[in-house]
Amino acid sequence: MNLPIFKTSNWWLWMALFAVVPMTSCDDDEKIEPQEEKIEISAEVLKINKFIYDNMNALYYWNEEMPDLNYREETDSEEYFYKLLKDPDDRWSFITDDIDALENYFEGVFKSPGYSIQGYFVNENSSQVVFIVEYVYRNSPASEAGLRRGDLFYKINGKILTSENYQELLALDDKVITLGQMTQEGQITAIEPAISVQSKEDLVQHPILATSITETETATIGYLAYASFIASYDDELAQVFTDFKAAGVDELVLDLRYNGGGSVATAQKLASMIVPAAANQQIFIREKYNDFLSQYNFDLKFDVEANNLNLERVYVLTTSGTASASEMIIYGLAPYMDVFQIGDETHGKYYASITWSDNMEEPEKRTHNWAIQPIVIKSENVDNSINYLVGLAPDYELDDIRYNADLGDPEEHFLAVAIEHITTGSINAAALKSASSGFQNIKAIKGFKESRDPLHGTMFVENPLLP
């Protein structure tokens, strides 16, 4: 449940689906009776189970491949939902009993201190771990405390972080963080004084992390670090491209290293501001539903945008966390322009989900707060050139472990690589790999990623310290 989420925001689609999906409230014509009273199940659980059963049978992309389970015999609604998912194809569908928290999450509002961090072992022979700040949200407790990209968490509440205690310490709402400095030999010294950071209950997290414009002798290079496709920030996103166009930007570096997806409509808007103008009204993405809903298959086209940069190529920075709508930008643009990808192979999520809850037409009349977020759409680009079994491979591999400068700084490691290729047509890989960062010798915690999970707030993946 901590994997990236990719949802659609087209209201006409909600209405179309509402017309074909049966309502899930229990009426006099269909009274639910447990069979032979083998298992006692409450009426409330049965109601939620039927909600799941009806809507998964109609909406789920793999609905014809779901196991034949009797929802009247399932005692746990959440477990029942996960039994229905297609394994291993579906790693993303989930269920929640807090629809309000989920809707806030999609709007970028949730409990957080306002930073994103990555964990590392200090060395292979030690249980000591450190956490390095990838980025900080504006107007957050973390930014107010002075945290910035590259800061290293050495201690929390006076305790050195280890594989045994880090989850408990990082999960605290109130933390006193001692930052550290690592030498080339792997030794850590404390930086005083320690700083206090509190999690904010309803932090509004602005998805535009950083922008910059770099002038070179041959190009005007725009840079955008973008953390999530949130439709309510579309105007701010458009303004970035208005500024880029006014400045004469003719090369773009789009930093999606920390972007796990979001609104399809926002992805369409972003792509429309990047693609060559000649591609306006051409197909960006084909969206395919299950056979039951195939009449609603549709082609999503590039819009005509006044601030379209009319580029011939775009540079996209990626990690394994780049997913869903972020990947859509890459494979949706690729048939129309050169997309030069720098970083790591992406996550490999080419499907879209929707939020479905009780009484979609009149939310104020909901009879329960459960919602499902099932995969409902398979996305294809115009020439269907996607390998659905793997992520998108980079043109140039680069590890995101050098936190040598702020996002948007021309000296920041990934941006520096892109600028070098833009200006010279090649990359001096040996020189870049030898750049001093202080973090080359530490090993990433396998599977670790602080998650802004819409169901549980801040949490961590299970078994994050597997060898």
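**Talking through a predicted model**

Modeller: Before you start: this is a predicted model. In the protein chain, 72% of the contacts with a separation of 6 or more are between residues 24 or more positions apart.

Biologist: And what is the chain built from, in helices and strands?

Modeller: There are 11 helices and 24 strands. Of the 467 residues, 57% are buried.

Biologist: Let's take the sheet with β13 in it. What makes β14 and β17 its edges?

Modeller: The order is β14-β13-β20-β17, an open sheet with antiparallel pairing. β14 (298-301) and β17 (351-353) each have a single partner strand, so one side of each has no neighbour in the sheet. On average, neighbouring strands here are turned by 30° against each other, direction ignored.

Biologist: How do you know that β13 and β14 count as a pair?

Modeller: Pairing takes at least two bridges. β13 (residues 283-288) has four bridges to β14, and the two run antiparallel. For one you can look up, Glu 287 has Phe 298 of β14 as its bridge partner.

Biologist: What packs on that sheet, touching β13 and β14?

Modeller: Helix α8 (residues 264-274) does, and its direction makes about 160° with that of β13. Over 145 degrees counts as roughly antiparallel, so that is the word for α8 against β13.

Biologist: Why do you call α9 largely enclosed by the rest of the structure?

Modeller: Buried means under 20% relative accessible area. Nine of the nine residues of α9 are buried, so the helix is largely enclosed. Among them are Glu 327, Tyr 331 and Gly 332.

Biologist: And what do the buried residues of α9 pack against?

Modeller: Besides α8, they pack against β12 (251-255), β13, β15 (313-318), β16 (338-343) and β20 (375-380).

Note on methods. Residues are numbered from 1 along each chain as its sequence is written. This is a predicted model: local features need pLDDT of at least 70, side-chain atom pairs count only at pLDDT 80 or more; totals for chains, interfaces and linings use all residues. Side-chain values use heavy atoms; hydrogens and water are left out. Axes are lines fitted to C-alpha atoms, for helices over the stretch in contact, and angles run from 0 to 180 degrees between N-to-C directions. Contact means heavy atoms within 4.5 Å. Buried means under 20% relative accessible area, exposed over 50%, partly exposed in between (1.4 Å probe, protein chains only).
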